[in-house]
Amino acid sequence: MSSFGDDHSAESTEGFFSKLKRTVTTRHQKFLDDITPFVLPRWIACAVLLVIFMARIVALQGWYIIAYGLGIYMLNLFIAFLTPKIDPALAEVQENADGPSLPTKADTEFKPFIRRLPEFKFWHGITYATILAVFMTFFQAFNIPVFWPVLVIYFITLFVMIMKKQIQHMVRYRYLPFTHGKKRYAGKEDSGKVVPS
């Protein structure tokens with residue numbers, strides 16, 4: 001009789017946790033879906049989080065390795081954001097590649113720039129990494145003593161080298177990952193009439 005009660009309590013506990021997980025996941029996804037169209041407010045909130053993190057680092061005079069790790073992760077996300085989904089260097093090798101590709105000659109058909117990492121996922125990654133980094137600054141175990149000027153110099157060197165390579169790639173394959181400054185083609189003017197008379 002007692003074994004039946006134990007099975008029932010184990011099932012109810014498991015049911016409770018699975019329902020709780022499903023509820024939290026659903027609410028989180030709904031929140032993300034609701035804030036997706038608000039690009040500028042999302043990035044402002046992300047910038048505020050980064051300022052809070054940097055203020056904690058400066059005020060506490062520690063956790064430099066966490067700041068360095070966050071910087072490297074953000075650099076990795078930024079490079080993925082700037083890179084096309086289908087790399088033109090690989091598209092030259094694979095002539096029969098599926099999906100859209102960037103034009104490499106003036107007479108080729110225009111194909112839109114599709115990012116390897118979309119803007120929303122870029123924002124999402126930076127925001128959650130910053131929240132995790134702020135959380136880690138509350139624990140002394142993550143305060144590993146390092147000589148921070150070396151980390152700064154190494155990060156700047158890494159940033160310059162990677163961005164130089166990325167810009168050379170953009171120039172070589174003639175793509176611009178931003179919409180500012182690109183030609184916009186206008187279609188026919190809308191007369192407002194549904195049926196011509």
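In the predicted model, helix H2 passes helix H3 in a left-handed crossing. Residues 39-60 form H2 and residues 64-82 form H3, and the two helices pack at an angle of about 150° with their axes 10 Å apart. Because angles over 145 degrees count as roughly antiparallel, H2 and H3 are assigned to that class. On the H2 side the contact is made by Leu50, Phe53 and Ile57, and on the H3 side by Tyr64, Ile66, Ala67, Leu70 and Met74. By class, the residues of this contact comprise eight nonpolar, no polar and no charged.

The loop between H2 and H3 contains Gln61 and also Trp63. Gln61 has a phi near 55°, a positive value in a residue other than glycine. Trp63, likewise not a glycine, has a positive phi of about 60°. With regard to solvent accessibility, Gln61 has a relative value of 54% and therefore counts as exposed, the threshold being over 50%. Trp63, by contrast, has a relative accessible area of 6% and is therefore buried, the limit being under 20%.

H3 also packs against helix H6, which spans residues 148-172; the axes of H3 and H6 come within 10 Å and cross at roughly 5°. This angle makes H3 roughly parallel to H6. The H3 residues in the contact are Tyr64, Ile65, Tyr68, Gly71, Ile72, Leu75, Phe78, Ile79 and Leu82, and they meet Trp148, Leu151, Tyr154, Phe155, Leu158, Phe159, Ile162, Met163 and Gln166 of H6. The contact of H3 with H6 divides into 16 nonpolar, two polar and no charged residues.

When neighbours within four places in sequence are left aside, Phe122 is in contact with Trp43, Met74, Leu77, Phe78, Phe81 and Leu117.

Tyr128 is located in helix H5. The relative accessibility of Tyr128 is 35%, and this residue therefore counts as partly exposed. Tyr128 and Cys46 are 82 residues apart in sequence, yet their C-alpha atoms are 9.2 Å apart in space.

For the protein as a whole, the secondary structure consists of six helices and zero strands, and the pattern along the sequence is α-α-α-α-α-α. The protein has 197 residues, of which 24% count as buried. Among contacts in the protein with a separation of 6 or more, 82% are accounted for by residues 24 or more positions apart.

Definitions and conventions:
Residues are numbered from 1 along each chain as its sequence is written. This is a predicted model: local features need pLDDT of at least 70, side-chain atom pairs count only at pLDDT 80 or more; totals for chains, interfaces and linings use all residues. Side-chain values use heavy atoms; hydrogens and water are left out. Axes are lines fitted to C-alpha atoms, for helices over the stretch in contact, and angles run from 0 to 180 degrees between N-to-C directions. Helices (H or I, at least four residues) and strands (E, at least two) are DSSP runs, numbered from the N terminus. Angles under 35 degrees count as roughly parallel, over 145 as roughly antiparallel, 65 to 115 as roughly perpendicular and the rest as oblique. A crossing is left-handed if the near helix is turned anticlockwise from the far one by less than a right angle, and right-handed if clockwise. Contact means heavy atoms within 4.5 Å. Ala, Val, Leu, Ile, Met, Phe, Trp, Tyr, Cys and Pro count as nonpolar, Asp, Glu, Lys and Arg as charged, and the others, Gly among them, as polar. Buried means under 20% relative accessible area, exposed over 50%, partly exposed in between (1.4 Å probe, protein chains only).
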